[in-house]
Amino acid sequence: MNQAHSTLKISPSDLIPMDIFVDREPLEIDLVYANARHTNNIFGEALYHDKAKLWAHKDIAIITLLAARILNRQKNYRFSLKDCLRTTDAQAAMNETKIVKDNPHWLEEPNRMVSPPGNGAHPRGMAIDVCVLDTDGMQVDMGTAFDEMDPKSYRSCTDLPEEILHNRKLLEDAFTSSAQTLGVAFLPLPEEWWDFRFPAGKYDSYEPLSDAHLPPQMQMTRRIKNNVADFEMAHFDELAEKIIASVDQYHES
């Protein structure tokens with residue numbers, strides 16, 4: 001199903017800022033694209049404004065929290081969340097960066113690395129980018145950095161030390177186990193070891209989100225005054241409690 005056939009709209013009430021779970025769950029937030037100088041921001045530009053948060057659709061939040069608990073229980077590791085909702089405005093800005101223009105093959109099929117505005121799971125908050133931190137807070141070696149546009153970032157790459165392949169498997173297995181426990185279809189993106197998302201059959205049924213669709217508190221590239229009201233913090237607290245209760249149900253079973 002392509003974007004032209006998308007008919008469902010994502011309600012902003014179904015989005016949650018993942019920082020609400022910090023200090024409660026084994027995860028941290030590192031919103032790479034909000035910082036032009038971040039060592040992992042290959043675009044060299046701040047695609048998000050400096051007050052932007054990492055927003056996720058509630059359905060992927062549940063999967064991510066359960067996966068984080070699974071890996072934490074196994075290894076005492078923590079997730080470092082890098083990106084989730086990437087509005088169409090942010091996608092457009094990404095396509096206009098110098099590094100993308102200097103690497104036009106990143107836009108070419110079949111192994112396209114940068115999506116056109118509106119395509120993919122990120123503009124629906126249904127893909128999440130995840131790295132792993134060890135017990136000392138250091139990033140677990142996955143063979144490449146987050147967002148490194150290199151064939152070694154592919155999940156199919158086996159020309160890597162066994163330890164790195166093992167680390168990648170730990171992360172992927174945590175998400176696979178989480179999705180299976182919850183009874184939902186979930187996809188580790190083949191080209192990026194850090195990207196986990198719903199299949200296209202799910203996210204393509206929804207319209208992508210632009211900053212204009214969202215209340216100012218959820219907008220990513222800039223603050224736009226519109227007729228969409230911000231939510232009170234109580235709304236997110238209530239949604240967070242529902243998500244945690246759902247994760248508790250499966251984590252303790």
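Reply: Here is a walk around strand β5.

This is a predicted model, where local features need pLDDT of at least 70, side-chain atom pairs count only at pLDDT 80 or more, and totals for chains, interfaces and linings use all residues. Residues are numbered from 1 along each chain as its sequence is written, and side-chain values use heavy atoms, with hydrogens and water left out.

Start with the sheet. It is open, has five strands and mixed pairing, and runs in the order β2-β4-β5-β7-β6. Strands here are DSSP runs of E, at least two residues long; helices are runs of H or I, at least four; both are numbered from the N terminus. Two strands pair if DSSP finds at least two bridges between them. The edge strands, β2 (27-29) and β6 (187-188), each pair on one side only.

Now β5, residues 127-133. With β4 it pairs in the antiparallel sense over five bridges. There, F79 has V132 of β5 as its bridge partner. With β7 (residues 195-197), β5 is also antiparallel, over three bridges. A127 meets its bridge partner R197 in β7.

Helices pack on this sheet too. Contact means heavy atoms within 4.5 Å. Helix α1 (residues 58-75) touches β2, β4 (78-83), β5 and β7. Helix α4 (residues 162-182) touches β4, β5, β6 and β7.

How enclosed is β5? Seven of its seven residues are buried, so the strand is largely enclosed by the rest of the structure. Buried means under 20% relative accessible area, with a 1.4 Å probe and protein chains only. Both faces are covered: A127, D129, C131 and L133 lie on one side, and I128, V130 and V132 on the other.

How values were computed
Axes fitted to C-alpha atoms, helices over the stretch in contact; angles between N-to-C directions. Buried < 20%, exposed > 50% of the residue type's maximum accessible area, 1.4 Å probe, protein only.
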